[in-house]
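Reader: I am new to this structure and would like to learn how to read it. Could we go through it together, one feature at a time?

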Amino acid sequence: MDDIRREIKYDCSRGCIVERTPQKALNIDYNKGCCKLAVFSWMDGIQTDSCKDLYEVRFKNTRKDIYRNTSGQLLKIGDVVVVEAANGHDVGIITLEGAMVARQLLRHKVDIKTAEFRKIYRRAKILDVERWQEAIAREHNTMIRSRQIAAGLGLNMKIGDVEFQGDGTKAIFYYIADERVDFRQLIKDFAEEFRIRIEMKQIGARQEAGLIGGLGVCGRPLCCSRYMADFQSITTQAARCQDLSLNPQKLAGQCSKLKCCINYEASAYIDAQKHLPDVREPLEFKDGFAYLVKTDVLKGVMWFSYEKNNMSNMYPLNAEEVYDIIKKNRKGIKPDSLQGREQESSEPEFVSAVGEDNINRFDEVRKSKHHHKKHSKNKHEKHRETNS
């Protein structure tokens, strides 16, 4: 019965499990699986003198920062702590410690010797956790009401998320706007409505997708919520150099912007294209002109067809052969026909996850069983003839 009366809530926005026991006690457990921008501690247990008192503290969604432990308490990953804020105090969860903190600072180009870190006051007490959960419970209704107020003022902006400070005295309103917004009256209305200090923070569409989270078309969590902290500009040129289909529905992510993963392999394709010839005119052979219809950039193979814009009869040539044919054409030499070459296979290449296996094995098994039955039948008839 105790297990039935327990109230368990999975707070994926802060990466924790909130449990209310039958005795009305509140337990907070860190849940790594729900943590956005999570970092795997592959240097677990390794301590360094430069960052022995530094800890990474995570708040809502992708907001996290490095703090210095001045409490004198022994802290570990998963502890709920009270930390210093601009006004008052905030509550968060420790998600990283040890040498990995130094790696994170190096990644974000922060100098440990000169940087000033805010303080960790103490491990959170029961009163701190209760007040923190009360503030969290106000976030959703505050976001809905703030959108109504902004719409009433006719402001061209979208409030994507609201995050309360741990002590409940301040809230951060994350908003998206394509143009400059004068929200001075909005802040006054917010302060009067919610009776808290207001901070307006503008974010982009990619940052909003990171705050919300979700799964991409690849089946994995969105890169913006899983590990990306810096967002680079992405252009359609990166898609063109990879011969991707310029379909907005396929190239756009959940943020309605170009997918961040388009940039991942763009540099590899640009380097590979440097080794390919620039074919602007058809290649001339003894039996006619051959037009470039398709290019495999990474393999360095170019397909040509005697019919322009026709991909039915294509002949592959590697980059060296194309270079040689272009040189011959400039000298007035026409190579032999391509028709003696092997055309592109119409069957798509298939490599199974096992590597050595093939999907045709089912046909072979069925065939072998039929052959086995036929062999057994002949053997049985031969045995019957012998007995007779």
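Author: Gladly, and let us start with one residue and its surroundings. Apart from its neighbours within four places in sequence, Asn69 is in contact with Asp53, Tyr55, Leu75 and Ile120. Please keep in mind that this is a predicted model.

Reader: Where is Asn69 found, and is Asn69 buried or exposed?

Author: Asn69 is found in strand E5. Buried means under 20% relative accessible area, and Asn69 is buried because its value is 11%. Its side chain has polar partners too: a polar contact of 2.6 Å joins the side chains of Asn69 and Ser71, and the backbone oxygen of Gln73 lies 3.0 Å from a polar atom of the Asn69 side chain.

Reader: Which groups does the side chain of Lys60 reach?

Author: One is the side chain of Glu139, in a polar contact of 3.0 Å. Another is the backbone oxygen of Val162, at 2.9 Å. Leaving aside neighbours within four places in sequence, the residues in contact with Lys60 include Ser13, Arg14, Asp161 and Glu163.

Reader: Now a helix, please. How do I read which side of a helix is which?

Author: An α-helix has 3.6 residues a turn, so residues three or four places apart point the same way. Take helix H11 (residues 319-330), where Ala319, Val322, Ile325 and Ile326 are buried. They cover an arc of only 120° around the axis, which puts them on the same side of H11. The face turned away from this buried side carries the exposed residues Glu320 and Lys327.

Reader: What covers the buried residues of H11?

Author: The cover includes strand E12 (283-285), strand E14 (301-305) and strand E15 (315-318).

Reader: How do I read a phi angle?

Author: Most residues other than glycine have a negative phi. Just after H11, Gly332 takes a positive phi of about 85°. Arg195, a residue other than glycine, also has a positive phi, near 60°. Arg195 is in the loop between helix H5 (184-194) and strand E11, and counts as exposed at 69% relative accessibility. Asp243 is not a glycine either, yet has a positive phi of about 60°; Asp243 sits in the loop between helix H8 (236-240) and helix H9 (248-251).

Reader: And pockets: what is the volume of the largest pocket, and which residues lie nearest its centre?

Author: Rolling a probe the size of a water molecule over the atoms shows where empty space is left. Here the largest pocket has a volume of about 1,100 Å³. Its lining has 46 residues, of which Thr62, Arg63, Lys64, Asp65 and Lys201 lie nearest the centre. Strand E5 gives the largest share of the lining, four residues. Among the other elements that each supply at least two are helix H2 (99-107), strand E9 (158-164) and helix H6 (205-212).

Reader: Finally, how many helices and strands does the chain have?

Author: The chain has twelve helices and 15 strands. Of its 388 residues, 37% count as buried. Among contacts between residues at least 6 apart in sequence, 58% join residues at least 24 apart.

Terms used
Residues numbered from 1 in each chain as written. Predicted model: local features only at pLDDT ≥ 70, side-chain atom pairs only at ≥ 80, totals over all residues. Heavy atoms only, no water. Buried < 20%, exposed > 50% of the residue type's maximum accessible area, 1.4 Å probe, protein only. Arc of directions from axis to C-beta. Contact = heavy atoms within 4.5 Å. Polar contact = N/O pair within 3.5 Å; in protein donor to acceptor, adjacent residues only side chain to side chain. 1 Å grid on protein atoms, 1.4 Å probe; cavity = no way out; pocket = protein on both sides within 12 Å on 5 of 7 lines; lining within 4 Å. Points joined across faces, edges and corners; volume = space filled by probe spheres on them.
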